[in-house]
Amino acid sequence: MSLRDKIRVMVVDDMSTSRGLITQALDSFGIRNIADAENGTDALQSLAKSPVHLVISDYNMPQMDGLKLLHALRTQQRTQKVGFILITGRAEQQIVDYGKKLGMNNFLQKPFEPQSLLKCIDAVVGRI
């Protein structure tokens, strides 16, 4: 069984269009086990019930932004080793640096091409 058949991914973005684009790209890579959430708070609740290998999260969201979600994941023993990719239209150096300090595995700037997302994922979890 290949990695793409086993990997569980959660997509977190407050914009349904963005969640759809990411999910569509994942599906085109052969990744089928995909969950989603509208914000960090919902993501944490879902992850408590059903853990994943990789979280792909937007930065700018209501209630809990992507970096606060990352911090919450890294401070809980059950989720501290989950792969984390931040996708943002604001790839400012201070956001990227703070994400790295918190344990972000990779980031991608919006808008992105599916192949860029695939390279980003491969760098975190291995070749899909």
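**Close-up views of a predicted model**

**View 1. Surroundings of R19.** Beyond the neighbours within four places in sequence, R19 is in contact (heavy atoms within 4.5 Å) with V11, D13, D14, D36, A37 and E38. R19 belongs to helix α2, residues 16-28; helices (H or I, at least four residues) and strands (E, at least two) are DSSP runs numbered from the N terminus. R19 counts as buried because its relative accessibility is 11%, where buried means under 20% relative accessible area with a 1.4 Å probe, protein chains only. This is a predicted model: local features need pLDDT of at least 70, side-chain atom pairs count only at pLDDT 80 or more, and totals for chains, interfaces and linings use all residues. Residues are numbered from 1 along each chain as its sequence is written, and side-chain values use heavy atoms, with hydrogens and water left out.

**View 2. Helix α4 and its packing.** Seven of the ten residues of α4 (66-75) are buried: G66, L67, L69, L70, A72, L73 and R74. These buried residues pack against β1 (8-12), α3 (40-49), β3 (54-58), β4 (83-88) and α5 (93-102). At the N-terminal end, D65 caps α4, with a side-chain oxygen 3.0 Å from the backbone nitrogen of L67.

**View 3. The largest nonpolar core.** A nonpolar core is a set of buried Ala, Val, Leu, Ile, Met, Phe, Trp, Tyr and Cys residues joined through side-chain atoms within 4.5 Å. The largest one has 23 residues, and M10, V12, V55, L69 and F84 have the most contacts inside it. Two or more residues each come from β1, α3, α4, β4 and α5. The largest share, five residues, is that of α4.

Key:
Buried means under 20% relative accessible area, exposed over 50%, partly exposed in between (1.4 Å probe, protein chains only). A polar contact is a pair of N or O atoms within 3.5 Å; within protein, one must be able to donate a hydrogen and the other to accept it, and residues adjacent in sequence count only if both atoms are side-chain atoms.
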